[in-house]
Amino acid sequence: MPRSVLSAALGLALAAGLAALPATAVAAPAARAASGYTASASAGSAYAGSAAEAADNQAFFQAVMASAKAKQAANPNLATVVVTYDASSAPSFRTQISQAAQIWNGSVGNVQLRAGSAADFRYYEGNDSRGSYASTDGHGRGYVFLDYQQNRQYNSLRVTAHETGHVLGLPDHYSGPCSELMSGGGPGTSCTNPYPNGTERSRVNSLWARG
């Protein structure tokens with residue numbers, strides 16, 4: 001077989017193989033987990049996160065902000081930054097994602113979340129031993145992964161709103177109370193609060209201030 005034909009055949013075979021996999025299976029290995037909902041807190045330890053997780057989470061936030069603000073530059077009269085998300089690869093969580101966006105949009109004024117094309121970040125779903133997490137590869141690409149099992153164990157809306165908080169720049173704080181959204185799974189499975197507290201709202205508004 002000529003080399004050009006062989007290359008084309010291999011390319012088609014690879015594309016077919018990728019298409020047969022869930023979107024999460026293709027995307028997830030390409031990046032490191034930045035910040036999980038519970039991490040090892042579910043094992044009963046007082047897990048506070050690692051420096052690597054914090055750095056990756058910060059990289060994800062900065063990539064999202066850079067992407068959103070680059071698009072906003074085309075319309076400099078807008079006082080609020082719009083962050084666009086794509087939830088098409090997490091159809092099982094469409095309702096939770098929409099509700100989480102509404103919660104954040106009603107909680108802060110300097111940034112708003114909108115579903116749409118040309119997304120600044122994406123949601124994926126599937127099974128992962130790490131649970132749910134916000135992730136980045138450090139090169140301007142990132143996503144929120146929602147794990148099936150964890151979303152059955154914990155309140156799914158809280159999990160989704162928590163991971164979306166990472167997109168907006170908030171770190172994990174597992175030792176916090178249930179009233180603190182970014183405490184994640186730290187308060188246990190009985191905690192169902194999906195709303196950020198006053199400190200978290202103020203922090204996000206500060207991070208996204210001045211458009």
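Predicted model: local features only at pLDDT ≥ 70, side-chain atom pairs only at ≥ 80, totals over all residues.
1. In α4, the residues Gln96, Ile97, Gln99, Ala100, Ile103 and Trp104 meet Ser156, Leu157, Thr160, Ala161, Thr164 and Gly165 of α6.

2. As to geometry, helix α4 (residues 94-107) and helix α6 (residues 156-167) pack at an angle of about 55°, and their axes lie 9 Å apart. Because angles from 65 to 115 degrees count as roughly perpendicular and those under 35 degrees as roughly parallel, the two helices α4 and α6 are therefore oblique to each other. The crossing in which α4 passes α6 is right-handed.

3. Turning to α6 itself, its 12 residues reach 17 Å from the first C-alpha to the last, which is close to the 16 Å expected at 1.5 Å a residue. Of the 12 residues of α6, 12 are buried, so this helix is largely enclosed by the rest of the structure. Among these buried residues are Arg158, Glu163, His162 and His166, as well as Leu157, Val159 and Val167.

4. Helix α3 (residues 51-72) has 22 residues and should span 32 Å at 1.5 Å a residue; the C-alpha atoms at its ends are 31 Å apart, which agrees with that expectation. The buried residues of α3 include Phe60, Phe61, Val64 and Met65, together with Glu53, Asp56, Asn57 and Gln72. In general, an α-helix has 3.6 residues a turn, so residues three or four places apart point the same way.

Technical notes: Residues numbered from 1 in each chain as written. Heavy atoms only, no water. Helix = DSSP H or I, 4+ residues; strand = E, 2+ residues; numbered from the N terminus. Expected span 1.5 Å × (residues − 1). Buried < 20%, exposed > 50% of the residue type's maximum accessible area, 1.4 Å probe, protein only. Axes fitted to C-alpha atoms, helices over the stretch in contact; angles between N-to-C directions. Parallel < 35°, antiparallel > 145°, perpendicular 65-115°, else oblique. Left-handed = near helix turned anticlockwise from the far one by under 90°. Contact = heavy atoms within 4.5 Å.
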